[in-house]
Amino acid sequence: MTKYNFTDIPERLKTNAIKWQKVKHDPEIIPLWIADMDFQIFPAMTEALEEFAKTSVFGYDAPKDSLYRAVQEWEKTQHQVILNKEDIVLIEGVVPAISVAINAFTQKGDAVLINTPVYPPFARSVTLAKRLLVSNSLIDKNGHFEIDFEQLEKDLVDHDVKLYLFCSPHNPGGRVWTKEEIVRVAELCRKYGVYLISDEIHQDLVLFGHKHHSLLSVNADYQNFALVLTSATKTFNIAGTKNSFALIPNPKLRKAFKDAQLVNNQHEVSTLGFLATETALRYGKDWLDELKIVLERNINLLTETLTTQTDIKVMKPEGTYLVWLDFSNYGISHNELGNILQEDVKLILNDGLTFGKEGEYHFRLNTATPTHVIEEALKRLVKAFPKG
């Protein structure tokens with residue numbers, strides 16, 4: 001018996017949710033794109049924010065020791081990462097933290113490597129910082145992404161890469177990297193003197209019996225050139241409260257990161273971010289456990305339906321609630337596919353080309369919505385893209 005409500009969709013239009021903007025103009029549209037969830041949060045979160053609002057004071061707050069303890073306990077119990085309070089650097093979001101790390105550890109013109117296709121702000125952050133973007137293509141093998149380590153080493157050497165932005169678990173595709181793969185990545189960085197920044201924001205959304213291995217849990221020596229960026233915001237759908245944390249045990253790296261953070265005036269975090277993060281980590285585990293059951297059900301339904309009733313190729317994720325769909329079997333141009341999905345099928349998905357050139361003929365679908373919504377979306381996809 002479920003304890004929480006994963007059946008009803010909250011009223012998103014009243015909050016002016018980005019994900020739902022196009023629904024204002026066409027109520028038939030189902031928005032399954034931007035990575036936030038259409039689920040109600042657990043009651044303790046609402047209660048905590050309501051109690052805070054009753055104080056009627058919304059000024060500057062400092063993070064409480066209890067927040068740091070909540071992060072320490074969560075990382076220890078969920079990901080086997082042992083942290084001291086000073087290892088935790090709070091910042092408003094993982095994407096801003098990526099920009100801080102680029103500015104902290106590289107100079108203009110330096111090469112920064114990413115694995116593509118990947119979350120669009122990776123490439124954007126590199127190019128806006130006037131660094132050289134090096135794209136290392138992932139291999140679609142047996143229905144999931146793998147790293148071409150031979151090409152990766154060649155790219156690191158040929159471009160004299162200074163920093164590697166690593167997405168773990170990977171978005172899109174939902175690949176949960178094995179411990180052995182993470183070690184190979186880190187050892188290449190150690191061999192060639194490359195800083196390694198691991199974006200682990202989806203660390204808590206690992207599914208189907210897979211296990212997330214935090215970079216900081218794999219080998220203590222990696223702390224000399226690597227750090228982890230993560231947050232409770234993706235896990236508990238509280239991104240609007242704005243808080244994340246960089247985990248940096250190495251004092252030298254931590255100082256460089258905090259110095260760059262201060263230069264950009266990114267050292268302040270929302271008071272609501274402090275409160276929501278601590279509440280999530282202290283009281284959200286049961287809700288998260290139920291959420292993952294719903295996500296697995298939705299992903300299984302989507303995978304089985306599209307695989308058996310269409311020629312859409314589904315990359316079933318090992319983690320995250322985001323599914324990478326390949327429409328290349330239909331012989332339709334990428335732009336026309338996008339038009340069909342939005343104008344005829346009335347689905348808003350993420351355009352695969354925004355993740356890199358490898359995303360041609362691909363679109364990303366968000367399954368973090370009640371199952372009846374996924375069922376309706378699947379009916380539309382099966383009708384528009386029948387099996388040949």
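1. Let's start with T277: setting aside neighbours within four places in sequence, T277 is in contact with L67, A232, I238, N243 and F245. Keep in mind that this is a predicted model.

2. Where does T277 sit? Helix α10, covering residues 271-283, is the element that holds T277. Buried or exposed? The relative accessibility of T277 comes out at 0%, and the cut-off for buried is under 20%, so T277 counts as buried.

3. Now the sheet. Seven strands make up an open sheet with mixed pairing, and reading across, the order is β2-β10-β9-β8-β7-β3-β4. The edges belong to β2 (88-91) and β4 (132-137); each has a single partner strand, so one side of each has no neighbour in the sheet. From one strand to the next, the twist averages 25 degrees.

4. As a quick reminder, strands of a sheet pair through backbone hydrogen bonds, in either a parallel or an antiparallel way. Here, β3 (residues 111-116) runs parallel to β4, and the pairing spans six bridges. If you want a spot to look at, find N115, which stands opposite N136 in β4.

5. Then the helices on the sheet. Helix α5 (residues 149-158) lies across β3, β4 and β7 (161-167), and its direction is at about 165 degrees to β4. Helix α6 (residues 179-192) also packs on the sheet, where it touches β7 and β8 (195-199). The direction of α6 makes about 165 degrees with that of β7.

Key. Residues are numbered from 1 along each chain as its sequence is written. This is a predicted model: local features need pLDDT of at least 70, side-chain atom pairs count only at pLDDT 80 or more; totals for chains, interfaces and linings use all residues. Side-chain values use heavy atoms; hydrogens and water are left out. Two strands pair if DSSP finds at least two bridges between them. Helices (H or I, at least four residues) and strands (E, at least two) are DSSP runs, numbered from the N terminus. Axes are lines fitted to C-alpha atoms, for helices over the stretch in contact, and angles run from 0 to 180 degrees between N-to-C directions. Contact means heavy atoms within 4.5 Å. Buried means under 20% relative accessible area, exposed over 50%, partly exposed in between (1.4 Å probe, protein chains only).
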